[in-house]
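Welcome! Let us take a walk through a protein model together, one part at a time.

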Amino acid sequence: MLKEVIATRFIAPLREGGSLPGLIEADDLGTYVLKFTGAGQGRKTLVAEVVCGELARRLGLRVPRLVTVELDPVLGLGEPDQEVQQLLKSSGGTNLGMDFLSGALGFDPIAFEVDPGEAGRIVWFDALVNNVDRSWRNPNMLRRSDGLWLIDHGATMIWHHNWPGAAASAARPYDASDHALRTFAPDVASAAADLAPQVTEDLLAEVTAEIPDVWLAGEQGFGSPGELRSAYARPLIARAATVHQRIHGLEGEQ
Ligand SMILES: Nc1ncnc2c1ncn2[C@@H]1O[C@H](COP(=O)(O)OP(=O)(O)OP(=O)(O)O)[C@@H](O)[C@H]1O
Ligand SMILES: [Mg+2]
């Protein structure tokens with residue numbers, strides 16, 4: 001289970017994100033980036049953040065710590081911006097929070113170096129979860145003195161939008177031609193050799209256990225949150241072994 005905190009103050013909207021994430025303070029005095037359950041993209045975006053974030057972390061990649069944030073819509077009453085007020089009002093209950101990395105800069109492929117090993121691990125991970133949101137236009141990586149941090153995994157696992165077609169969808173290749181790390185000679189083969197054997201049923205059981213039940217309840221075709229957790233695990237386990245052979249668009253590709 002992710003740690004649960006209670007929002008005590010809405011600080012400001014983060015103007016950069018398409019889903020309008022906000023900055024909040026919580027009862028543990030932490031500052032968190034809040035992803036709203038009432039945002040247009042819906043709660044599946046939050047499930048994707050948890051599955052991918054917790055999996056990436058266990059594979060040794062840097063991801064800000066995730067928490068669940070209980071939000072009382074009353075916090076929106078003092079918010080002058082109509083759009084933000086609406087989001088706060090429609091997001092009562094369980095939302096997603098992540099540690100705010102103060103002092104982090106947005107990743108810029110021109111200004112920063114990334115070694116082929118690290119680039120390979122990130123590209124391989126993005127191929128595994130089919131992340132379409134790590135392009136040079138919108139890298140969704142932050143840079144701090146302690147290294148590269150991965151954020152924003154809402155647009156991954158496209159198969160969770162159509163479960164009956166999930167197996168077929170998860171068998172498809174990954175197009176890395178727009179990937180923000182494409183020019184750093186990502187060593188995908190080494191990443192696959194190192195990471196694929198770690199993507200086991202046990203690991204996925206641990207990862208999917210972190211998804212709050214409330215975001216899983218009521219999904220058509222599933223009798224319980226447990227069944228849906230297994231459905232999240234299956235395509236990732238199936239993809240892990242061979243996805244490196246289906247990454248297209250990298251320089252030097254065979
Ligand atoms: N944990 C964090 N620490 C510091 N800044 C963050 C953090 N998470 C997000 N940000 C900042 O907020 C911006 C928006 O966050 P994020 O990309 O997660 O939102 P989004 O709405 O999904 O964005 P997108 O427009 O890519 O769909 C980031 O580009 C980054 O500048
Ligand atoms: Mg983003």
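What follows looks at the strands, then a helix, then the core.

This is a predicted model, in which local features need pLDDT of at least 70 and side-chain atom pairs count only at pLDDT 80 or more, while totals for chains, interfaces and linings use all residues. Residues are numbered from 1 along each chain as its sequence is written, and chains are lettered from A and ligands numbered from 1 in the order in which they are written.

Start with strand β5 (residues 93-99), which pairs in the antiparallel sense with strand β3 (residues 31-35) over four bridges. Here V33 has M98 of β5 as its bridge partner. Strand β4 (residues 66-71) also runs antiparallel to β5, joined by six bridges, and T68 is partnered with L96 of β5. Strands (DSSP E runs of at least two residues) and helices (H or I runs of at least four) are numbered from the N terminus, and two strands pair if DSSP finds at least two bridges between them.

Now find helix α6 (residues 201-208), whose buried residues are L204, V207 and T208. They lie on the same side of α6 because they cover an arc of only 90° around the axis, the arc being that of the directions from the helix axis to the C-beta atoms. A residue is buried if 20 or more other C-beta atoms lie within 10 Å of its own, exposed if 12 or fewer, and partly exposed in between, with C-beta atoms placed from the backbone. The cover over these α6 residues includes α1 (43-58) and α7 (225-240).

Finally, the largest nonpolar core has 63 residues, and V51, V69, V123, W124, A127, L128 and I247 touch the most other members. Such a core is a set of buried Ala, Val, Leu, Ile, Met, Phe, Trp, Tyr and Cys residues joined through C-beta atoms within 7 Å.

Definitions and conventions: Two residues are in contact if their C-beta atoms, placed from the backbone, lie within 7 Å.
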